[in-house]
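Visitor: Hi, could you walk me through this one? I'd like to hear about the inside of the fold.

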Amino acid sequence: MSADNADPRPGTGRAYAPAVTFAQARSAARAVRAAEHGRQVRRTVRPRGISGAIRSRTPLSLQLYGAALEGRLVWRGENEFAVLEPPLGRRPPPGTRGGWLRRADRRWDLLVAFVLPAVMIVLSLAFIPLVVAQRGLTVVVIALPVLAVCHVAVVMLAMTINLLWKAVRPVVERGRDHRVTTEELRDEHWSVALCHQARPEHAELLIRQIVDRLAALPKGWGDDRGSLVCVLNGVTTDAMRAAFLTRARHARLDDQGDGLAFLISLPRPRPQEPTERDAASGFLLYVFAGITVVLCGALPVADFEAEACGNDCAGRPATYWAAVRWLSQRVLLTDPPGLSPQTPQAVVVGWLTSVMALAGVLVTLTAGRWYLAARRRRRANLDKELTAMDATTKVLLLVATSVEYEQVKAVVRVHTGHAPEVDFRGPHVVFNLGVVSKATILLARSEPGTTATAGAMLTAQTLIEDLRPDYVILTGICYGLRKGPQRIGDVLVAGQLRVLDLKKIVDGESGPVEIPRGARAEPSVKLLNACYAVDAVKPHIGVMLSGNTLLNSEEERNRLIAAHPDALGGEMEGAGVYAAAAKHRADWIVIKAISDWGVGKTKRHQARAARNAAEFVLHLITLGALDTPPTPT
């Protein structure tokens with residue numbers, strides 16, 4: 001099939017599903033397995049299921065064929081294709097083909113674990129009339145149930161080990177930061193689950209076709225397609241991964257501007273805490289498997305005993321229901337009164353059943369522990385939700401560097417005990433850090449400075465319009481201008497913000513003369529007065545300079561001190577935040593800590609300074625100073 005025929009038809013209201021045959025899907029699956037990152041992609045696309053030994057998704061060829069039937073396959077050939085997957089719980093429109101493949105794909109581990117042995121049992125029962133009619137096949141009738149029992153036993157053993165590991169894993173991996181995982185992103189957004197491109201020169205074209213296909217999907221799939229997650233571990237080549245990363249750096253994916261935010265994510269191990277439903281389903285699944293073993297194992301036991309005892313079978317499980325009764329009693333590690341086998345084969349089956357019962361004790365204890373822990377978490381989450389409902393204000397914290405970003409999240413997380421919740425607001429990422437006192441804390445990041453597209457001014461303006469916060473606090477690191485009275489890590493609060501960029505230059509007797517014309521902005525009176533009430537840390541409150549220049553010059557620093565002798569320090573984003581907040585009449589303030597002196601800059605003290613500033617802001621909120629909305633002026 002040519003690439004031209006594979007293009008979607010945007011604007012038609014439906015997706016154009018390429019006529020991909022199953023043979024082509026198999027060839028494409030082989031290409032993925034042979035690719036540069038084929039093994040990693042297979043683990044990502046086909047994760048392990050509840051047993052830990054069986055994959056939870058169908059083979060790759062079936063996934064590709066099912067995606068083609070549903071119109072989710074972007075197909076340019078067996079070496080150029082991508083698979084789109086919908087958010088969690090999203091079903092295709094009525095009438096879409098491939099429903100049976102979709103159901104099999106979501107239940108593949110259960111089908112392999114229990115449907116396969118059930119088919120073996122049915123086949124053995126079907127062959128019994130032929131055995132009675134003396135047509136042979138006795139070996140088949142006996143071997144199939146034995147294979148079914150062995151299959152289920154191996155699956156149950158693997159499931160027991162997997163359940164125990166899941167119970168222990170959160171303790172083993174405690175302390176790791178698992179804020180946003182691929183699964184969390186893919187649960188909420190459309191995703192590129194698999195992408196194979198053997199021709200790097202066509203990478204851009206394939207990405208464009210992915211976007212077009214997403215836009216062309218039928219309305220029945222839903223209209224919330226503002227973000228597309230690309231799972232890099234589902235991309236088979238480094239060249240294609242680099243292409244995705246390059247495109248993700250832009251606010252819009254193509255030159256036409258389709259409003260699609262492109263998100264990149266790598267799957268990371270995350271110890272998922274089991275829910276009450278997981279605990280109950282795991283226990284019931286083990287019980288079902290145990291019943292299957294008893295019912296299946298009774299067939300060979302009855303055959304072994306009947307063949308050995310001949311006409312005198314009293315007290316022996318030589319019939320099917322007697323064998324079922326005996327194996328059911330073996331679950332309790334005993335034999336029923338007056339009923340016991342004599343053949344070694346039946347005895348072995350009985351002991352295997354008893355071992356399965358002992359493993360069931362571990363499964364029961366683990367499931368019970370899961371269930372009680374899940375109930376405690378649910379109650380804790382309910383308390384958290386009730387606390388959030390009691391929140392009366394929203395506080396937006398803005399930062400401009402990654403070190404500031406991480407330190408704010410770490411400081412607040414220690415206080416709340418909860419991981420930040422991510423929220424994608426157009427091109428911006430906002431973290432809900434939880435509720436402190438009665439204030440919901442939101443965190444966002446801009447680029448350094450005010451004038452860039454992603455700078456502080458436009459970022460603050462967009463987020464203030466969207467989130468409508470009651471208070472806006474710019475926090476992070478700054479430079480100090482009073483070495484001696486000030487020390488590295490000291491907190492500076494802008495009692496007045498002096499904007500440096502706006503100025504007039506005239507000719508003087510000894511050369512050009514600068515006349516400052518920038519605003520001298522005063523922050524929120526309520527926020528400023530609240531800073532005086534923080535006893536844990538005594539900040540320096542006064543004039544702060546704000547300009548788009550990264551100061552790393554002793555000469556320029558001395559000039560600033562001479563021109564602004566009352567200034568405490570300076571930074572780069574405050575002017576933009578002030579302008580955006582003033583436009584929307586939002587209460588604002590700048591609270592930063594000293595990381596350097598404007599000369600000889602290094603990153604040595606940045607983390608410490610950012611943490612001190614974040615802790616001061618947290619103290620401010622903890623006091624309850626921001627629990628009520630500001631009084632309208």
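Guide: Happy to; we'll take the chain as a whole, then a core, then a helix.

Guide: This is a predicted model, where local features need pLDDT of at least 70, side-chain atom pairs count only at pLDDT 80 or more, and totals for chains, interfaces and linings use all residues. Residues are numbered from 1 along each chain as its sequence is written, and side-chain values use heavy atoms, with hydrogens and water left out.

Visitor: How many helices and strands does the chain have?

Guide: There are 19 helices and 17 strands, taken as DSSP runs (helices H or I, at least four residues; strands E, at least two) numbered from the N terminus.

Visitor: And what share of the residues is buried?

Guide: Of 633 residues, 49% are buried, meaning under 20% relative accessible area with a 1.4 Å probe, protein chains only.

Visitor: Which residues touch the most other members of the largest nonpolar core?

Guide: Ile473 and Ile591, in a core of 36 residues. Such a core is a set of buried Ala, Val, Leu, Ile, Met, Phe, Trp, Tyr and Cys residues joined through side-chain atoms within 4.5 Å. Helix α19 (residues 606-622) gives the largest share of this core, nine residues.

Visitor: Which α19 residues are buried?

Guide: Among them are Ala613, Phe616, Val617 and Leu620. Leaving aside neighbours within four places in sequence, Ile591 has those four among its contacts (heavy atoms within 4.5 Å).

Visitor: What comes after α19?

Guide: Gly624 follows α19, with a positive phi near 90 degrees.

Key. Buried means under 20% relative accessible area, exposed over 50%, partly exposed in between (1.4 Å probe, protein chains only).
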